[in-house]
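Please study the sequence and the structure before turning to the solutions.

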Amino acid sequence: MSWVYLLMAILLEVAGTTSMKLSDGLSKPVPSVMMFIFYILCFSSLSLALKEMEVGTAYAIWSGLGTAIIAVIGVVIFKDAFTVKKVIAVGLIIVGCVLLNLGDTSHAQPSKDTGVAEAK
C-alpha cells in the first residue's frame, strides 16, 4: 500500500506544481487555491507512504519522478526549452530512481533491542 501512497504523492505534487505555474505568481485565485490543496494532499500521502518505506528511498523516488514528470509537462504544455542536456538529466533521474529501488534489497529489519536496522 505504501507504493500506492507514494504514487499518489508524486501525482499530487505534479498537480500542485502545475497549478503553481498556472497561478501566475499567485495572481489567479483558482490555480492558487488548487496548488495549496494539492500540496496538502501530496504531503499527507507522502507521510502515509513513509510509514512503511525508508525515507531516503521514498524521498528520492518522490522528488526524482516528480521532477522528471514536471520537466516533460514543462516541455509539452508550457513550451519550455527542449534540450539534449535536459533529456539526459531527466534520464539520469529515472535511472537513479530505478537503481535506488533495485539496490534496496538488504531487507534490513530493526533490532528489537536498539531499533536500528540490521542487514540479514
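## Exercises on the helices

Buried residues, those under 20% relative accessible area with a 1.4 Å probe and protein chains only, make up 28% of the 120 residues in the protein. The model is predicted, so that local features need pLDDT of at least 70 and side-chain atom pairs count only at pLDDT 80 or more, while totals for chains, interfaces and linings use all residues. Residues are numbered from 1 along each chain as its sequence is written, and side-chain values use heavy atoms, leaving out hydrogens and water.

**Exercise 1.** State which pattern the protein follows along its sequence.

*Solution.* Begin by counting the elements, where helices (H or I, at least four residues) and strands (E, at least two) are DSSP runs numbered from the N terminus. The protein has 4 helices and 2 strands. Read in sequence order, they give α-α-α-α-β-β.

**Exercise 2.** Determine which helices the buried residues of H3 pack against.

*Solution.* First identify the buried residues of H3, among them Thr-57, Trp-62, Gly-66 and Ile-73. Then look for contacts, meaning heavy atoms within 4.5 Å. The partners are helix H1 (2-22), helix H2 (29-49) and helix H4 (84-102).

**Exercise 3.** Describe how H1 crosses H2.

*Solution.* The axes of H1 and H2 come within 7 Å and cross at roughly 160 degrees. H1 is therefore roughly antiparallel to H2, a term for angles over 145 degrees. By class, their contact has 18 nonpolar, 5 polar and 1 charged residues; Ala, Val, Leu, Ile, Met, Phe, Trp, Tyr, Cys and Pro count as nonpolar, Asp, Glu, Lys and Arg as charged, and the others, Gly among them, as polar.

**Exercise 4.** Describe how H1 crosses H3.

*Solution.* The axes of H1 and H3 come within 9 Å at a crossing angle of roughly 40 degrees. Residues of H1 including Trp-3, Leu-6 and Glu-13 meet residues of H3 including Ala-58, Leu-65 and Ile-70. The residues of this contact divide into 12 nonpolar, 3 polar and 1 charged.

Key. Buried means under 20% relative accessible area, exposed over 50%, partly exposed in between (1.4 Å probe, protein chains only). Axes are lines fitted to C-alpha atoms, for helices over the stretch in contact, and angles run from 0 to 180 degrees between N-to-C directions. Angles under 35 degrees count as roughly parallel, over 145 as roughly antiparallel, 65 to 115 as roughly perpendicular and the rest as oblique.
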